[in-house]
Amino acid sequence: MDRLDALLQRFSVSARMFHSGALCGITDIPAEPGLGQLHLVRRGPIGVSHAGLPAVHLEVPSLLLYPRPLAHRFDTDPGVGADMACAHLRFAAGGANPLADALPAFVCLPLAELDGCAGVLEVLFDEAFRPRCGRQALVDRLFEAVLVFVLRRLMDEGRIEHGLFAGLAHPQLARALTAMHERPAQSWTLESLASEAGMSRSVFAASFRDTVGATPGDYLARWRVGLAQQALRRGRPLKLVADEVGYGSEAALSRAFKTWVGHSPRDWRRTLDAALPKQRA
């Protein structure tokens with residue numbers, strides 16, 4: 001059972017490094033619409049502040065993860081500075097990405113806590129701080145690898161107490177969640193999901209709701225609708241999408257889609273198309 005694979009296969013994350021080197025004095029990082037950030041502090045110290053969240057002061061090599069747009073400020077010694085590599089993160093499906101939605105607004109971890117990641121970080125910093133052929137493409141992929149280590153760490157340590165990652169950190173609930181993620185078209189019932197988890201029906205329903213924050217039925221419906229949005233973005237026909245995500249007809253998918261998105265699939269697609277920049281003739 002791979003708790004992350006189905007999520008990352010269907011809702012991928014791409015990174016793009018936008019800074020490497022020293023930062024000195026005060027640096028403001030604006031909130032970029034549709035983007036998060038992953039900052040790797042190779043050498044500090046550095047102070048980090050953002051509206052509505054506690055400020056932090058870092059003395060050891062650390063990472064800072066912002067899964068959603070959030071303006072923040074770095075404060076370093078004007079003379080000594082801090083060495084950093086920074087990347088934008090683009091989560092597939094934007095605000096409908098379950099990974100981005102499930103993470104806290106800000107995550108801070110010492111790099112030493114990322115078990116097994118030392119070699120990746122060594123190569124990333126070596127490439128980020130030296131001009132080499134293919135550097136950008138290589139470093140971008142390494143940032144994505146570091147993010148997987150972060151997600152794994154958050155689950156293994158149970159640092160997130162509520163929501164999707166809390167469910168994935170639960171040994172039994174994770175089995176049911178992973179089954180839904182991997183096989184969304186299956187005719188899941190409360191009984192069959194409880195069986196996947198190895199729990200009684202009533203205990204499973206209560207534990208799922210208390211940990212994940214939704215009933216199993218509501219979570220499954222939202223997951224299926226999110227997959228449908230991904231497929232419709234790629235131009236897949238509505239009838240094929242309905243079969244692929246576990247609805248027996250276009251009408252059934254349309255009803256669920258309107259419940260969770262607020263529009264029918266066709267209206268949502270038209271709105272999406274209208275928002276795309278027009279190509280020049």
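Reader: What should the 23 residues of helix α4 span, at 1.5 Å a residue?

Author: The expected span of a helix is 1.5 Å times one less than its number of residues. For α4, residues 135-157, that gives 33 Å, and the end C-alpha atoms are 33 Å apart, so the two agree. Helices here are DSSP runs of H or I with at least four residues, strands are runs of E with at least two, and both are numbered from the N terminus. This is a predicted model, in which local features need pLDDT of at least 70, side-chain atom pairs count only at pLDDT 80 or more, and totals for chains, interfaces and linings use all residues. Residues are numbered from 1 along each chain as its sequence is written, and side-chain values use heavy atoms, with hydrogens and water left out.

Reader: Which residue follows α4?

Author: Glycine 158, with a positive phi near 60 degrees.

Reader: At what angle do the axes of helix α6 and helix α8 cross?

Author: Two packed helices are described by the angle between their axes and the distance between the axes. Helix α6 (residues 173-182) and helix α8 (residues 201-212) have axes that cross at roughly 80 degrees and come within 11 Å. The pair is therefore roughly perpendicular (65 to 115 degrees).

Reader: Which residues of α6 and α8 make the contact?

Author: Contact means heavy atoms within 4.5 Å. From α6 come Leu173, Ala176, Leu177 and Met180; from α8 come Phe204, Ser207, Phe208, Thr211 and Val212.

Reader: How many helices and strands are in the protein?

Author: The protein has 12 helices and 9 strands. Its C-alpha atoms fill a box of roughly 65 × 55 × 35 Å along the principal axes.

Note on methods:
Axes fitted to C-alpha atoms, helices over the stretch in contact; angles between N-to-C directions. Parallel < 35°, antiparallel > 145°, perpendicular 65-115°, else oblique.
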